[in-house]
Amino acid sequence: MDNKYSSLLAMTYLCNVFSHNKDRKSKAARNLVEWIQDRADWSLPRVLEGCETSNEIRGKDWKLVRKDWKLLLPALRSLRSGLENTSLDAAAMHLGRLAQHLQLECDDMAIIELVLRYKTDRLIESLSDEVFFVHPRFGHPFLSINNPILPQMLGIPAARFRQRLTSDSMLMRSGVLQIDSDGELLLLDQIMRLAYQPFDPNEDVPELLFDVAPKAELEWQDYDHVARARDHVESLFRGALDTRATGVNVLLYGPHGTGKTEFCKVLAERLGVPVYSIGECGEDGHMPSGKERLGELLLAQRVLGDPGNAILLLDEMDDVLSEPTHEWALGLSSATSKRGALSSKVGMNRLLEEVRVPVLWTTNCTHGVSPAILRRMMFAFELRQPSPGVRARIWSRQLEKHGIRASDEDARTLARHYDVTPGIAVGATKAAHLIKKGDIGTVRFGVQSLSKLVYGEKPPKEAAARIDPALVSADADASKLAERLAKRGPGRMSICLHGPPGTGKSAFVRYLGERMDIEVVQKRASDLLSMWVGGSEANIAQAFEEARDNGHFLVFDEADSLLSDRRHAQRNWEVSQVNEMLTWMEHHPLPFACTTNYMDRLDSATLRRFDFKMALGYLSAEQAMIAFRSFFQLEPPRSMSALHELTPGDFALVRRKAEVLGALQDREALVDMLREECEAKPGSRRQIGFAA
């Protein structure tokens with residue numbers, strides 16, 4: 001930017017300075033003459049033609065003679081006078097609208113314009129650096145509030161200049177300007193962009209300064225797993241917008257990729273208002289610091305506060321609200337002073353309490369944020385991993401959106417096999433779309449790689465096998481229990497299913513869930529155990545919370561790893577892990593089950609936490625015959641009667657083996673394979689010698 005209006009500003013700054021500073025021997029006076037001589041595009045150099053000074057200007061002992069100085073100052077004023085009717089350029093008109101919108105005074109506007117022009121206008125930058133050069137030994141840059149030349153250039157008394165930059169001044173409270181720890185004036189990127197945009201009188205100031213968040217990838221129904229909190233936030237924001245309430249701050253927290261940012265967009269669409277993203281990466285790739293983002297929040301409150309028809313999104317709140325970042329962003333005194341640190345906290349608290357535009361803050365971790373800040377949130381919304389049903393819906397929509405041919409069962413399989421966040425689902429389907437001939441296999445390969453990266457190597461979660469109640473061999477009437485629970489419906493109930501592997505413990509729990517019309521969510525010990533101290537307890541608590549909030553039937557497989565006898569514990573975390581489990585079991589309001597192959601390893605305190613304890617054993621001879629017909633669609637041979645210690649799992653395994661060997665129609669071969677499974681069990685009494 002270097003135009004006629006820039007020349008007017010340059011002449012104004014020069015006249016302001018040299019009207020007060022009449023020292024013709026000063027360094028600035030010499031710099032001025034040199035600078036003018038380099039401006040071949042100006043008419044001013046002609047003033048110096050024939051002057052005694054001009055020919056000796058490069059000399060070591062140069063000084064501006066008195067008569068030349070007397071010629072120069074009137075020439076500056078004359079040139080400025082000739083430019084007074086110059087039209088404002090686009091940047092000046094933008095700044096004028098901004099000042100009117102923020103109700104800033106003329107002095108405030110002049111300070112903003114000087115900083116903006118110094119950063120974006122070659123002429124003003126040249127004038128400032130070449131004429132009003134500040135030697136490094138003075139210890140401050142040109143835009144330092146301690147630079148005495150700034151008020152002189154603006155024609156403002158020094159005392160008033162500093163008054164306009166105090167923490168409680170309108171200018172600093174607007175967030176437009178910040179002062180860093182070295183005392184340098186900083187301008188928000190939102191204001192810097194005004195120097196490069198053409199002026200449109202029909203463009204609103206908010207649209208000019210802030211970016212509306214892009215359209216959401218997810219939908220309102222994708223947050224059914226947190227429906228109560230979701231609906232609560234919607235009602236809260238509707239009330240805030242209707243009443244123009246102040247101090248409305250809502251925190252969204254949870255792991256990466258759970259849809260925190262997307263929820264903010266979905267909420268705004270549902271409310272019918274724009275959501276502005278605060279402190280995002282600029283078009284030039286500049287990533288704003290925490291204090292810059294906070295300054296943008298201050299500006300947004302001033303610019304968007306009056307209309308009352310928008311909400312703000314500030315991602316990664318820990319970057320903004322961690323202890324030291326907001327000191328200078330609020331224009332307050334240095335954090336090195338006790339009073340300054342105190343003032344900063346008071347200012348930050350006041351900001352949260354007085355925000356005029358509702359703010360959605362998001363973070364993955366709240367550890368770095370002061371409790372005093374967290375207490376000023378109106379609501380804390382934890383976003384967790386969606387339930388399998390919700391994940392299947394997200395997968396289905398993303399597959400369709402990116403043109404990946406897939407069935408509803410494909411989507412359900414992805415949701416069941418990979419317990420991943422919505423963010424990973426979006427990324428994997430986008431990647432498959434970019435690959436020519438990308439199909440559901442490409443998606444599966446992509447999500448497997450991302451799942452391994454984020455969660456570690458884990459086998460896919462297969463669907464639990466369905467079970468015929470007639471094949472449940474238990475010490476209680478399984479069918480009768482299922483019938484009574486179905487009549488009662490979902491409610492508080494706990495059951496421990498124990499017995500040898502393959503007896504159908506997990507499958508029976510799923511059968512109970514179907515009869516009770518409640519979704520069953522199974523958690524393996526490997527899903528919950530963590531290498532970090534306290535991590536397992538946190539995972540256990542989260543599993544119970546998710547089941548409670550989503551109305552699911554929670555099942556812990558391999559429960560002996562989570563409820564092992566505390567008398568044999570060797571580490572403190574082994575005890576605290578069991579304590580966490582017992583506490584949640586006692587207060588969980590929905591159906592809950594544990595399965596284990598080793599009942600004798602469970603802590604004795606678990607026994608009274610289970611309403612039902614059911615032992616599942618080997619199939620009776622009659623049940624084994626039923627299982628043979630069910631799995632192979634064949635009549636069992638007489639040799640089946642000699643087999644004992646069979647389970648439904650044995651029949652499922654033999655069927656898979658027979659499919660590989662092509663022996664599904666060979667009854668005796670099937671019996672032989674079943675016999676091998678019986679003999680492979682621990683403690684089996686294998687017959688010695690030849691059978692008759």
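Analyst: Let's begin with N147, which sits in the loop that links α6 (122-130) to α7 (149-154). Please keep in mind that this is a predicted model. Is N147 buried or exposed? N147 counts as buried because its relative accessible area is 3%, and the cut-off for buried is under 20%. What does its side chain meet there? A polar atom of the N147 side chain lies 2.8 Å from the backbone oxygen of F142.

T86 is found in the loop between α3 (66-82) and α4 (90-102). With a relative accessible area of 16%, T86 is buried too. Its side chain also has a polar atom close to a backbone oxygen: that of L83, at 2.6 Å. Leaving aside residues up to four places away in sequence, T86 touches K4, Y5 and L8.

Now for the nonpolar interior. In soluble globular proteins, nonpolar side chains tend to be buried together. Here the largest nonpolar core has 88 residues, and the members that touch the most others are L14, F132, L165, L185 and I191. Helix α1 (residues 4-20) is the biggest contributor to this core, giving 10 residues. To see one member's surroundings, take L165: not counting residues up to four places away in sequence, L165 touches I111, I145, L171, M172, L177, I179 and L185. Another core, of 44 residues, lies apart from that one, and Y223, I311, F381 and I404 are among its members.

Next come the strands. Strand β4 (residues 249-253) runs parallel to β8, joined to it by 4 bridges, and L251 has A380 in β8 as its bridge partner.

Strand β10 (residues 520-523) pairs with β11 in the parallel sense over 4 bridges, with K523 bridging to F556 in β11. Strand β11 also runs parallel to β12, through 3 bridges, and here F556 has C594 in β12 as its partner. In a regular strand the side chains alternate between the two faces of the sheet. In β11 both faces are covered: F553 and V555 are buried on one side, L554 and F556 on the other.

What packs against these strands? Helix α26 (residues 572-587) has 16 residues and spans 23 Å from first C-alpha to last, close to the 22 Å expected. Its buried residues are Q577, V578, M581, L582, W584 and M585. The buried residues of α26 pack against α25 (535-550), β11 (553-556) and β12 (591-596).

Finally, how confident is the prediction? The average pLDDT is 82, with 85% of the residues scoring at least 70.

Terms used
Residues are numbered from 1 along each chain as its sequence is written. This is a predicted model: local features need pLDDT of at least 70, side-chain atom pairs count only at pLDDT 80 or more; totals for chains, interfaces and linings use all residues. Side-chain values use heavy atoms; hydrogens and water are left out. pLDDT is the predictor's confidence in each residue, from 0 to 100. Helices (H or I, at least four residues) and strands (E, at least two) are DSSP runs, numbered from the N terminus. The expected span of a helix is 1.5 Å times one less than its number of residues. Buried means under 20% relative accessible area, exposed over 50%, partly exposed in between (1.4 Å probe, protein chains only). Contact means heavy atoms within 4.5 Å. A nonpolar core is a set of buried Ala, Val, Leu, Ile, Met, Phe, Trp, Tyr and Cys residues joined through side-chain atoms within 4.5 Å. A polar contact is a pair of N or O atoms within 3.5 Å; within protein, one must be able to donate a hydrogen and the other to accept it, and residues adjacent in sequence count only if both atoms are side-chain atoms. Two strands pair if DSSP finds at least two bridges between them.
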